[in-house]
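Look at the sequence and the model first.

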Amino acid sequence: MKISDFKPNNAVESVTQALEKLEKLKDYNITISTTAERALDRAEQVERGEITGRLAGVPFLAKDNFLVFGSPTTAASKMLASFNAPIQATAIEKLEAEGAICIGKTNLDSFAHGGSTENSAYGPTLNSIDKTRVAGGSSGGSAVAVALDIVPFALGTDTGGSIRQPASFNGVVGVKPTYGAVSRYGVVAMASSTDCIGCFTSNSSDAELVIDIMSGKDVSDMTTLDDFFKPCESSSKTKKIGLVKNMINDDVDEDVRQRIYNLAERLKSAGYTIEDVELPMADYAVAMYYIIVPAEISSNLARYDGVRYGYRSDSSSLAELYGRSRDEGFETENKRRILIGSYVLSSGYFDAYYQQAQRARTLLCQEFDRLFESYDVLLSPVAPTSAFKLGEKTTDPIKMYLADTMTIPASLAGLPALSVPAGNTEEGLAVGAQILGNRGRDSDLLALAKEIEALW
Amino acid sequence: MNYKWEMTIGIECHVQLATKTKLFSPADNDARDREPNTTVHPIDFGLPGMLPVLNWHAVELAMKAGKALNSEIAEVSRFDRKHYFYPDLPKGYQTTQMYEPIILAGYIDIPLEGGVSKRVRIHHAHLEEDAGKLTHFGDYSLVDLNRAGTPLIEVVSEPDIHSPAEARAYANELYLLMTYAGVTLGDLYHGNMRFDVNISVAPKGSIELGKRAEVKNLNSFRSIEKAVEYEFKRQVELLERGERVVQETRGWNDDKQITTSQRSKEDAQDYRYMPDADIPPIVLTKEEVAKVQESVGKLPPEYRSEFTNLGVDESVVNGLLSHQSYARLVSEVLAKNQKAARRVANWIASSLNSDEVGVAEATVSVGDLLDLAEMVEKAEITSNAASEIFNDLMRGSKNPRKLAEEKNLLQVSDEDEISRIVDSVLADGSSKKAVSDIMAGNDKAIGFLVGQVMKLSKGKANPGMAQKMIREKLK
């Protein structure tokens, strides 16, 4: 399914079909809510020519941590089960201004904490290829929606791999732009220093269009960059690709490794120079990430206290109000991360953990900088495995965290990275290749991804 | 005065910045006389997905404050998050500057009685947002977030203060500096400046400081002085009984004029400070800082030395400084005519004393004041009449000469007319005794005759001329 398949004069039909398909594929548990009425209203406006633009009449889904007018924003938590957004995310505003129609909100790990969409208060989303497996996460619902051709694009957020990994598990394109390329305004915050807004599409050209529309400076988000994103026709800029050897080590499934080596061979045949490179600091990336990100989570989630909005437990004292509202409103993984974050920020530990992790992060960034002096793009698997079984890792958080090993480095360094399909395992499960670029080189990555798509 | 014990005081002051909007949101920053929760933007409310947008005006006011505090402005400063749970803190953290504040070390010279001054060093000052307000009712409390997100700078002094009078003088001088620099509106009643006073007591000459108590949220100069007096007495009494001072937070009870324990520092919270990744660092060049600071006008120390050189009393100087508009006025007159400036200074001081005029934003023109001073100088009006006209000018009237005419206050200096009046006074029967006293060499009696002339002229006769003429006529 491509964006260009959708025509403004068919907007109502497109929206209706997408909603029907969602209903038919209900057992995948893709969405938390749909907004049929508002979507159909907008579709009629598009058909009447009142709304025009590059996405006129194109239905899409947004992860349920985007604030969208007229729809609940639960972040897949009990905490925000009753929260209706009085404002709208900048990314949604920009897409709507081009005529796109949001038809609903997709499932995720509660507050985007997780890598399988199993941490949702509304149950897991099932993998699009094998229903006994996870969708990946945390943007699992959006990935599956695009993989099952419900909508041509869906929005996700990527803090440590939450777009790239589910894209890989479902065989679609998933893009995490440079940190600051797309405004975070109106998106429920997880970790302020690594949260990125991105998208899922069936092909890289569509991703290019969606990112082009969403990116740019936003006065409501001081961390946004000036609009640097320029879609380009060819990848002529990319000549030399570094294959990150320590991300294709023995911890990676043989099946996955084969798909990446296979892709490297094809690229070589197509005229690219491919060389093995090492990114030693990447081996410490999970350790850094699970200090810095929980610290930011513990801070960003402090506002959910039951006082002003959201879940509020019955209580007889202020301390009890806080304690019970947060205990009952948050999922186990939310609480685990808040505890880790509070611990590493507490006096006496701040320097030993948080500051040390930030110093290591600087070293990681410097390693990337050095590699990008010699290489245009880096190549690696997205994840060490293809989609794992439902429940396989839920009892072992460390195992779950290690599934993010390859996606986390780009997040910590604020680099653009994307997942592009690189074939299937013998069992038929999808495997994604990750390509990483230097900050601001998002369009080069997408151009290369287009060429990779043409290789198969 | 206590000869055995010495107090050491450091003061933290929260200064509310005179910005139109809040530190990180477009909500109205002036919540005085507003219904609760009506100046609250989703950012201040801590809604999901909201991000702070730094108000650059607040940064500019911080630069101005830095100038008034004789401080360097940091080339790079950053915001941090200070975490605690309380219903008046919507995000669960206060955005402040813990590690890299915008205003670096400086000092202020505080004037003490008798023309001496003392230097109090400033440790640093940082930008931060205010919290909301809770009001407690029996078994429930109400939250008002109008003040949440209001921009403040917190000015932290070094422990260089050693008496209640010094503490008061420090607070007063800081108030003058911050209002003159345009940093704050300085509305103390509405808490525009709130002082936290740290005070400890140790034996005189001791190198080590005692355990300190922090008296929080003082908002008048008087209460600062009184709280310090009380704390010193309380701590000395404890120490002399052989007990120890507990490090704690105390509140000031203004009705009872005592401090009371609020919270012991031993169960102090861990604020889990961390850098705020939503706000990029503030990066300022020397040129940018200089350009903003250029707009800061004359500050109290400069006015103070001008006025002291004028030769008026210390109390007059303090009166003039208490309102920036007065200080500016006198200074402008001074630039033209020093003698006139001295007169204006005294008029202002006496009108302040009599509470006659409460004009904070005097709109009176320098030209009118110079005219008025000249009229006195040339004896066209009496000094009493000048005071009256001055008060009219301060109330908004213009043109002192016209005012004097309208009020019939111009002195009669016409020799013929005064001569006529003197003649009729001397001819009057009631003057007989005085006239013969003077003739007999008792000069004191002339006062009575001049008084009679003034009475007959309804106060308009030039008394100097009248006296001279009486003498001549009786010679």
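Predicted model: local features only at pLDDT ≥ 70, side-chain atom pairs only at ≥ 80, totals over all residues.

Residues are numbered from 1 along each chain as its sequence is written, while chains are lettered from A and ligands numbered from 1 in the order in which they are written.

Q: How far apart are the C-alpha centres of domain 1 and domain 3 of chain B?
A: Chain B is divided into domain 1 (5-288), domain 2 (298-406) and domain 3 (415-474). The bounds come from an automatic or database domain assignment. Between the C-alpha centres of domain 1 and domain 3 of chain B, the separation is 66 Å.

Q: Is Lys407(B) buried, partly exposed or exposed?
A: Lys407(B) sits in the loop between α12 (400-406) and α13 (415-427) of chain B. A residue is buried if 20 or more other C-beta atoms, placed from the backbone, lie within 10 Å of its own, exposed if 12 or fewer, and partly exposed in between. Because Lys407(B) has 13 C-beta neighbours inside 10 Å, it counts as partly exposed.

Q: What distance separates the C-alpha atoms of Lys407(B) and Glu388(B)?
A: Lys407(B) and Glu388(B) are 19 residues apart along the chain. Their C-alpha atoms are separated by 9.9 Å.

Q: Which residue of β9(A) stands opposite Ile241(A)?
A: Helices (H or I, at least four residues) and strands (E, at least two) are DSSP runs, numbered from the N terminus. Two strands pair if DSSP finds at least two bridges between them. Strand β7 (residues 240-244) of chain A pairs with strand β9 (residues 377-381) of chain A in the parallel sense, over three bridges. In β9(A), the residue opposite Ile241(A) is Val377(A).

Q: What is the bridge partner of Ile241(A) in β8(A)?
A: Strands β7(A) and β8 (residues 273-277) of chain A run parallel, joined by five bridges. In β8(A), Ile241(A) is partnered by Ile274(A).

Q: Which residue of β14(B) is the bridge partner of Asp80(B)?
A: Strand β3 (residues 80-83) of chain B pairs with β14(B) in the antiparallel sense, over two bridges. In β14(B), the bridge partner of Asp80(B) is Pro275(B).

Q: Why is strand β9 (residues 151-157) of chain B largely enclosed by the rest of the structure, and how many of its residues are buried?
A: Antiparallel to β9(B) runs strand β1 (residues 5-16) of chain B, with five bridges between them. Strand β6 (residues 117-129) of chain B also pairs with β9(B) in the antiparallel sense, over seven bridges. β9(B) is largely enclosed because the buried residues among its seven number five.

Q: Within what arc do the buried residues of helix α6 (residues 300-309) of chain B fall?
A: In α6(B), Pro300(B), Tyr303(B), Arg304(B) and Phe307(B) are buried. The arc is that of the directions from the helix axis to the C-beta atoms. The buried residues line one face of the helix, because seen down the axis of α6(B) they fall within an arc of 105 degrees.

Q: Which residues are exposed on the other side of α6(B)?
A: The buried residues of α6(B) pack against elements of chain B including β5 (106-111) and α3 (164-180). On the other side of α6(B), the exposed residues are Ser305(B) and Asn309(B).

Q: Leaving aside neighbours within four places in sequence, which residues is Gln262(B) in contact with?
A: Gln262(B) belongs to strand β13 (residues 258-264) of chain B. Two residues are in contact if their C-beta atoms, placed from the backbone, lie within 7 Å. Beyond those sequence neighbours, Gln262(B) is in contact with Thr249(B), Arg250(B) and Gly251(B).

Q: Which helix gives the most to the side of chain A that touches chain B?
A: In contact are 33 residues of chain A and 23 residues of chain B. Two helices of chain A, α8 (285-300) and α10 (332-345), each supply at least two residues of the side that touches chain B. With three residues, the helix that gives the most is α8(A).
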